[in-house]
Amino acid sequence: MKNFTALSDLNPFGEHLKGALALKKDHRKAATLGQGKTLGMLFFNPSLRTRLSTQKAGRLLGMEVVVMNFGSEGWQLEFGDGVVMDGGKAEHIKEAAAVLSQYCDVIAVRSFAELKNQAEDQADIVLNGFLKYAGVPVVNMESATGHPLQALADAMTIEEHKKRAQPKIVLTWAPHPRALPQAVPNSFVEMMQLMGGPTAIAHPKGYELNPELTRGIPIYHNQEEALEDADFVYVKNWSASDPYGVVLNTDPSWMVNLDKLGSAQMMHCLPVRRNVVVADDVLDSAQSLVLQQANNRTYSALYVLHQILQH
Ligand code: CP
């Protein structure tokens, strides 16, 4: 694997999932694989888990890790071709990516959707700019369209906690006061498709995800129906698709509480707004897997970097 931009880079997924779980148990023998190599982590947006878990993963493999908050510390980057750069953007991605490739052996990038223009977000300009102009492997630490490191950690968590061979996995929208990107649900849906077994998605009208990703998965506008017989309930807010990138619905009845969850286990990528997205009674219960998911972020990054360093 050269780059890790989407879950489809882990093909066949089942084999890679087993590999990631095996490496989690026995990663000490890989402690020198990354010696003499540098991981560069570039953040255009905030992070807690991704930043620290990916840093930790690089160090567990013996890598040097350098981190830059591009939004506040770097020059503003221009991504357009042939632009007359007489505005606020001081550096072009062509030079920036080439320079960073001289300092780093792997470049990891976080750049969220701006939620202003759907076509621009779908073009994933920042991640694709680094893919085009960097001479080293590139890792997606959440782009405008996907968060595959999170989805791999989520798949690992489901494997570790499932109580039957083919658990029912449900993704449900929940309310949130701010407009959030669709990257996490996109990658989670990709993962649902790859896991096999029954699935369902619940969201209010106007919140449709990319139909190419959701093809074949039953979609409900009634949360209770979707949650029936669920083994894992993944709770996540995302902004509307039509009109794009706005908060269309704030209906508090979509918040997930213990009564709705029944005996299912609850997952969320974090950060989570308590008593808006998920109720305290769930987050404070043994049915919440959010800490286990966050722990697996280290091991999903470890596996991806291990794959890249080996090839
Ligand atoms: N889940 C996740 O990516 O968390 P951060 O935004 O804190 O990195």
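Gln150 counts as buried in this predicted model, because its relative accessibility is 3%, below the 20% cut-off. Gln150 sits in helix α7, which covers residues 148-161. Leaving aside residues up to four places away in sequence, Gln150 touches Tyr234, Cys269, Gln293 and Arg297.

Now place those residues in the chain. The chain is divided into two domains. Domain 1 takes 7-146 and 297-310, while domain 2 takes 150-293. Their C-alpha centres lie 25 Å apart. The contact draws 26 residues from domain 1 and 27 residues from domain 2.

How much area do domain 1 and domain 2 bury between them? The figure is about 2,100 Å², with 68% of it on carbon and sulfur atoms. On the domain 1 side, Leu7, Leu115 and Arg297 lose the most area to domain 2. Together these three make up 31% of what that side buries. Arg297 is also one of the residues that Gln150 touches.

Polar links join the domains too. Between domain 1 and domain 2 the count is one salt bridge. Five residue pairs are in polar contact between the two domains, counting pairs with both residues at pLDDT 80 or more. Three helices of domain 1 each supply at least two residues of the side that touches domain 2: α1 (13-25), α5 (118-122) and α13. As for a salt bridge in the model, Glu160 pairs with Lys24. Their closest N and O atoms are 2.8 Å apart.

Next, the nonpolar interior. In soluble globular proteins, nonpolar side chains tend to be buried together. Here the largest nonpolar core holds 75 residues. Which of its members touch the most other members? They are Phe13, Val139, Leu152, Leu171 and Met191. Helix α13 (residues 290-310) gives this core its largest share, nine residues. Where does the core lie relative to the domains? It lies between domain 1 and domain 2, because both give residues to it.

Met191 shows the packing in detail. Residues up to four places away in sequence are again left out. Met191 then touches Leu7, Phe13, Ala151, Asp154, Ala155 and Ile158. Phe13 is itself among the core members that touch the most others.

Conventions
Residues numbered from 1 in each chain as written. Predicted model: local features only at pLDDT ≥ 70, side-chain atom pairs only at ≥ 80, totals over all residues. Heavy atoms only, no water. Core = buried A, V, L, I, M, F, W, Y, C linked by side-chain atoms within 4.5 Å. Buried < 20%, exposed > 50% of the residue type's maximum accessible area, 1.4 Å probe, protein only. Helix = DSSP H or I, 4+ residues; strand = E, 2+ residues; numbered from the N terminus. Domains from an automatic or database assignment. Contact = heavy atoms within 4.5 Å. Buried area = accessible area lost by both parts, 1.4 Å probe. Salt bridge = Lys/Arg side-chain N within 4 Å of Asp/Glu carboxyl O. Polar contact = N/O pair within 3.5 Å; in protein donor to acceptor, adjacent residues only side chain to side chain.
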